[in-house]
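The exercises below concern a ligand site and a pair of helices. Each task is followed by a solution in steps.

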Amino acid sequence: MARAVCPPDGLTTELIEATVDNADAYVGALGPTARRALLTVAQGLERATRLRSGIPFSALDPADARVVLDRWRRGPMRPALRLIRDIIVLAHYEVPEVRAAVGYLPDPFVAAKAAQRGERWSADIATHRRLLVAPAPLSPSASRLRVRARESAATAEDPRSHQSRNGVIRPGAEMPSLVECDVVVVGSGAGGGVVAAELAEAGLSVVVLEEGEHHSTESFTTSTLRALQTLYREGGAMTTLGRAPIGYAEGRCVGGGTVVNGGMAFRASESTLSRWATTSGDRTLAGHGLDAHYERVERFLSVGLPDPGSIGRDQDLLRLGAERLGWRVVDDRRNHVHCGGCNVCTWGCPTGAKQSTLVSYLPRALAFGATVWAGCRVDRVLMTGKQAVGVRGHVSGDAGRARVFEARARHVVVCAGAIQTAALLLRSGVQPPSGQLGRNLSVHPGAGVAAVFDEVVEGWKGAHQSLQVREFERDGIILAAVNLPPSLVARSLPLDGAPLGETMTRYNQIVTAGVLVEDTGTGRVRALGRSGAAVTYPVAPADAGRVASGLLRLSEALLAAGAHTVHLPIRGQQPLQSREDVRRASALRFRAPDMDLSTVHLMGTARIGTDPLWAVCDPYGAVHDARGLSVADASLFPGAVGVNPMLTIMALATRVAERIIETW
Ligand SMILES: Cc1cc2nc3c(=O)[nH]c(=O)nc-3n(C[C@H](O)[C@H](O)[C@H](O)COP(=O)(O)OP(=O)(O)OC[C@H]3O[C@@H](n4cnc5c(N)ncnc54)[C@H](O)[C@@H]3O)c2cc1C
């Protein structure tokens, strides 16, 4: 397979071995279902080829193997075959010599940026660190609670006595079989980090249980492969079920999605919040009702515009194209303390500039005495009748031997993300009266293009994203340039062999850009077996049409900026080379199953609302018809948010924490 899909030029035996080693390592990170599917298809390909031609697939020469692959790609095995092909191409372009051969040399660049940042901005960095650990009570109730906690800690054997000490991030190996606390928080990402810090500051004893491992800023590298294996759930290679599968990725590490996200930090628009206020019955969402919560989050995350020197040429080109067409562009707001523009945000920020919860809210939670347990997966919320009394889980990594633990608490806050939260609550037998738990999943379906320019772009030098084209926001379409490393560009191109190699020699002239669509359709999460989640999502034809329309508009902008060829993620569609090509393509109708759809925004499976027969949680995240049980993550959204969701998740999580404090 590697001989068939990798570019033949210079493909030595050593290079194939390095590719296969990388692929093997990556397959190890996939989930059991994906691994089984890969094995079945690989064996089927081998046997069917032998039956047909007398030679097994693995013994064919590369040209014949490509013919067989093309035939199989037209059949029902296409998705699984595509996964194998994608893994091999990804693995190949992660080999250091191959990265260097296409001109991708990020390590010295990142090292220089990190050093410059440390020298130039040390005062600002220190100021922000101080702000992160300074008291700033969320509400008067938070101050009162804290005083009470201190007083009771001063007396006797109160379990909250550890509040006077700094908490720590501890490995699962040290997890005792029973811990007791005021509040247990499941997950340490956008929602979990906020809740943990706010409740700990208010004086409650907080234990955070995080399934993923703890990886520090110093451990982050520019290796895509390593990051996919260590920081993402199942190698970032999950897909929804349905006629048009959508690839999706979730962070799984201390800091969750905030460690691997791009650092775009937008508020929801007033029109979205007004719509949410109407559908959910929560009038406080409209009329700037969330402003104070947004402001608080923005302060701790240091949200602002990118530093001027950190903007890459790929961003300038998209701006140029959009401006030539007279389209509206907005500057990104990002959560950063002087981002240097290393463009490896999604593999973990190696300078600590991006304010993930790993370097912001979690240090704050620790400073106020919370404990974070890494590598500890929660399997069930423990309920006594309708009252949550704690959680049960196991130390990840040794699920086979299942070293089980329990955390007993007066309040449980589930912040495991829109897929895992729904699966966990369903598995725990939580049944809010609406029957909506796990339903109403929104995903912002999207897709990307690769535009080839004559000039050198080197899109990997500069902030991950610094602007968005918002001309079509009213239609629910946002366009943005997002640089990808060679492995992911090669994976996305509909090319193999020599044509793939030929295009990739121009890696440094390529701008990769994507479309995000505010979806009207919804999907559903179901608990699968003892720990899995099955996600079904039928793509609404109207949403597929808007993805296609977004791709064509994006192509138009990049052609206007000087691109000579734009590769589309649509099966059978030739690359576009002129506005005339775009015009002709606009007359076609593209179907979702023919597009490579993907997402990193998952929302809405435990929506908030005042009516227990419509919503899963009340406006403050408390699960309807349960006591001592709240949700504080992307599940809470009462609809698609239409922009990057992190900031809104964190603002809502702040509100959840505030309510818990006020009613403690
Ligand atoms: C590659 C990528 C890029 C993105 N870019 C942006 C961006 O630029 N801007 C933006 O606004 N959004 C972005 N997002 C989306 C954003 O990061 C997420 O929407 C956000 O992190 C979700 O927050 P959450 O609290 O719902 O879940 P998460 O942040 O995903 O946190 C959930 C945590 O819970 C843990 N967990 C799950 N199940 C269990 C369990 N059973 N027991 C214990 N722990 C568990 C997980 O390991 C994880 O750490 C991006 C996402 C990705 C993946």
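In what follows, Ala, Val, Leu, Ile, Met, Phe, Trp, Tyr, Cys and Pro count as nonpolar, Asp, Glu, Lys and Arg as charged, and the others, Gly among them, as polar. The model is predicted.

**Exercise 1.** Describe the shell around the ligand by its residues and their classes.

*Solution.* Step 1: the ligand is surrounded by 39 residues, and Gly191, Glu210, Met264, Val378 and Met646 are the closest. Step 2: sorted by class, the shell holds 17 nonpolar, 16 polar and six charged residues. Step 3: at least two shell residues come from each of α10 (190-201), α12 (257-260), β10 (376-384), α17 (417-427) and α22 (646-662).

**Exercise 2.** Identify polar backbone atoms that lie by the ligand, and state how much of the ligand the protein buries.

*Solution.* Step 1: a polar backbone atom of Cys253 is 3.3 Å from a ligand oxygen. Step 2: for Ala634, the corresponding distance to an oxygen atom of the ligand is 3.0 Å. Step 3: a nitrogen atom of the ligand lies 3.0 Å from a backbone N or O atom of Gly262. Step 4: the ligand alone exposes 1000 Å², of which the protein buries 95%.

**Exercise 3.** Determine how helices α15 and α20 are oriented to each other.

*Solution.* Step 1: the axes of α15 (residues 313-324) and α20 (residues 541-560) come within 7 Å and cross at roughly 100°. Step 2: angles of 65 to 115 degrees count as roughly perpendicular, so α15 is roughly perpendicular to α20. Step 3: Leu318, Gly321, Ala322 and Arg324 of α15 make the contact with Leu554, Ala557, Leu558 and Ala560 of α20.

Conventions:
Residues are numbered from 1 along each chain as its sequence is written. This is a predicted model: local features need pLDDT of at least 70, side-chain atom pairs count only at pLDDT 80 or more; totals for chains, interfaces and linings use all residues. Side-chain values use heavy atoms; hydrogens and water are left out. Axes are lines fitted to C-alpha atoms, for helices over the stretch in contact, and angles run from 0 to 180 degrees between N-to-C directions. Helices (H or I, at least four residues) and strands (E, at least two) are DSSP runs, numbered from the N terminus. Angles under 35 degrees count as roughly parallel, over 145 as roughly antiparallel, 65 to 115 as roughly perpendicular and the rest as oblique. Contact means heavy atoms within 4.5 Å. A residue is near a molecule or strand if one of its heavy atoms lies within 4 Å of it. A polar contact is a pair of N or O atoms within 3.5 Å; within protein, one must be able to donate a hydrogen and the other to accept it, and residues adjacent in sequence count only if both atoms are side-chain atoms. Accessible areas come from the Shrake-Rupley method with a 1.4 Å probe; for residues, only the protein chains shown count as cover.
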